[in-house]
Amino acid sequence: MTAPLAAATATAHANIALVKYWGKRDADLMLPATSSLSLTLSTFDTTTRVELAPAGGSGEVTATLDGAPLTGPALAKVQRFVDLVRTRDDVEGDLAGRGARVTSVNTVPTGAGLASSASGFAALAGATAAAYGLDLAPRDLSRLARRGSGSASRSVHGGFVVWHAGDLADPVRGDLTSFAEPVPAAADLDVAMAVVVLDAGPKSIGSREAMARTVATSPYFPAWVEHTEVDVAQARDAIAAGDLAQLGEIAEASAMRMHATMLAARPAVRYLAPASLGVLDAVAGLRASGTGAWATMDAGPNVKVLCARVDLDAVVAALEVGGDGGRRRVLRALPGPGLAVTRG
Ligand code: PMV
C-alpha cells in the first residue's frame, strides 16, 4: 500500500480592516486588545503549497516566496508556525515529526507596498493544517491563522468579517474565543475598494513593534480600545442595514483614530506620508461633490477607499489625477472569497 501524499495547497485573499486592529493584549497567543472588522478583497491573494518530507528525515522546514528561498527572521516565522501545527496533540504519530517544504506565491503587484501578512498566514494555516492531516473547522483555522499574524484570522472568511477579541479575563479562554467569522450583510450592500498605491519611501517600522510601542507609551491607547468596541458594534449594524454612508464614516474615523493613537506614542509611529494626506483631501473632495467615498490606511502610506460598486469607476478616475496634475496608481478591488484548501 502506498502512503497517502501528505501535501495541500491553499489560497487566501488580503483583507482591509474597516474597524482597525491595533494593539495586542497577549503577544504569544496573538490576542488583540479589541475586536476588529474587515472586508476580504477579490485581489492580492497568496497561494501556498505545503509538502511533507518522508518520515524519518531531519524534520527541516524550508520555504520559498515567489521563487526565492526565505532566510533569517522571515523563515523563522514560517518555521515557528509549522511547529505550532506539527506539535499539536491531534496530529497523528507518523506525520508529527516530519519536515515540510513550503512554496508560496503572492499576486500582489510588484512594488505596490501591499504585501500582506494576512493572506500569507491564512494560506499557510490552511495548507499546513491539511498537509499534517488536520481537518479544522473554520473557527479553529481562524484561531490558527491568528497565531501567524492577527489580521490573518480574518482572511479565512470572505466578504465582511469580524474578529472577536475573545474572553478578556483569561488567556486560555481568550485563545479559544478569539476567532473571526463572517458578518451578515444586507443583500443590496454592493461595495468596492480603490487602492491608491503611493511611493513607500524608506521602510517604516513593522506592525508588531509599532503596536507594542503604542500600547506601552501612547496615552491615547485606552481611549482607542474603548471606542473600537463601539465602532465594531455600529459597523455590524450598518452592514446589516446596508447603510454604506454610516459604514464609511465609521471606517474613516477608525483609521484616523488608529493613526492618532500611534502618533501619540514615544517615539511617534508615523505611517502617514505627505502624499497620503493629498489622497485624504481628494476623498473629502469626492464626498463634497456628492460621491460616497471613505478612506482608510494601514501600516504604510497607501490609502484604500471604500465606495459603492457603481461609483468605483468615478472614484478611480478622480483619485488617479494628483493634486499637482501628476498621475497616481490606483488598483481596483471587490469583495473576495475566503480560504480555499485542496488536499494532495
Ligand atoms: O496582523 P498584522 O500584524 O499585520 O497587523 C495589521 C494591522 C493593521 O493592518 C494596521 C490593521 C488591521 O486591522 O489590519
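Does Asp66 count as buried, exposed or partly exposed, and how many C-beta neighbours does Asp66 have inside 10 Å? In this predicted model, Asp66 has 13 C-beta neighbours inside 10 Å and therefore counts as partly exposed, since a residue is called buried at 20 or more and exposed at 12 or fewer. Asp66 lies in the loop between β5 (61-65) and β6 (68-69). Its phi is positive, about 50°, although Asp66 is not a glycine.

A positive phi is also found at Met30, near 55°, again in a residue other than glycine. Met30 belongs to the loop between β2 (24-26) and β3 (31-32). Met30 counts as buried because it has 21 C-beta neighbours inside 10 Å. Another backbone feature is the cis peptide bond that joins Arg266 and Pro267, with omega about -10°. Pro267 is located in the loop between α8 and α9.

The domain assignment divides the protein into domain 1 (7-188) and domain 2 (191-333). The centres of domain 1 and domain 2, taken over C-alpha atoms, are separated by 24 Å. Contacts between the two involve 27 residues of domain 1 and 36 residues of domain 2. On the side of domain 1 that touches domain 2, the elements giving two or more residues are β1 (7-19), β4 (36-52) and β8 (160-163). Of these, β4 gives the most, with six residues. By residue class, this side of domain 1 consists of 17 nonpolar, seven polar and three charged residues.

The ligand lies between domain 1 and domain 2, because both domains give residues to the shell around the ligand. There are 13 residues around the ligand, and those that come nearest are Ala17, Tyr21, Gly150, Ser151 and Asp298. The shell is made up of four nonpolar, six polar and three charged residues.

Strand β1 contains His13. His13 is buried, as 27 other C-beta atoms lie within 10 Å. Residues up to four places away in sequence aside, His13 touches Thr40, Leu41, Ser42, Phe44, Asp45, Ser119, Ser155, Gly336 and Pro337.

Phe121 is placed in helix α3 (residues 117-131). With 30 other C-beta atoms within 10 Å, Phe121 is buried. Its contacts, leaving out residues up to four places away in sequence, are Ala145, Gly148, Ser149 and Ala152. Between the C-alpha atoms of Phe121 and Trp224, which are 103 residues apart along the chain, the separation is 26 Å.

Trp224 is one of the buried residues of helix α7. Helix α7 (residues 221-241) comprises 21 residues, and the span from its first C-alpha to its last is 30 Å, close to the 30 Å expected at 1.5 Å a residue. The buried residues of α7 are Phe221, Trp224, Thr228, Asp231, Val232, Ala235, Arg236, Ala238 and Ile239. These residues pack against β1, β4, β8, α6 (207-217) and α8 (244-263). The three strands in that list, β1, β4 and β8, are also the elements named on the side of domain 1 that touches domain 2. After α7 comes Gly242, with a positive phi near 70°.

In helix α10 (residues 312-320), the buried residues are Leu312, Val315 and Leu319. These residues lie on the same side of α10, because the arc they cover around the axis is only 65°. Elements that cover the buried residues of α10 include β10 (191-197), α9 (274-288), β11 (293-296), β12 (303-308) and β13 (329-333).

Definitions and conventions. Residues numbered from 1 in each chain as written. Predicted model: local features only at pLDDT ≥ 70, side-chain atom pairs only at ≥ 80, totals over all residues. Near = placed C-beta within 6 Å. Nonpolar A, V, L, I, M, F, W, Y, C, P; charged D, E, K, R; others polar. Domains from an automatic or database assignment. Contact = placed C-beta atoms within 7 Å. Helix = DSSP H or I, 4+ residues; strand = E, 2+ residues; numbered from the N terminus. Arc of directions from axis to C-beta. Expected span 1.5 Å × (residues − 1).
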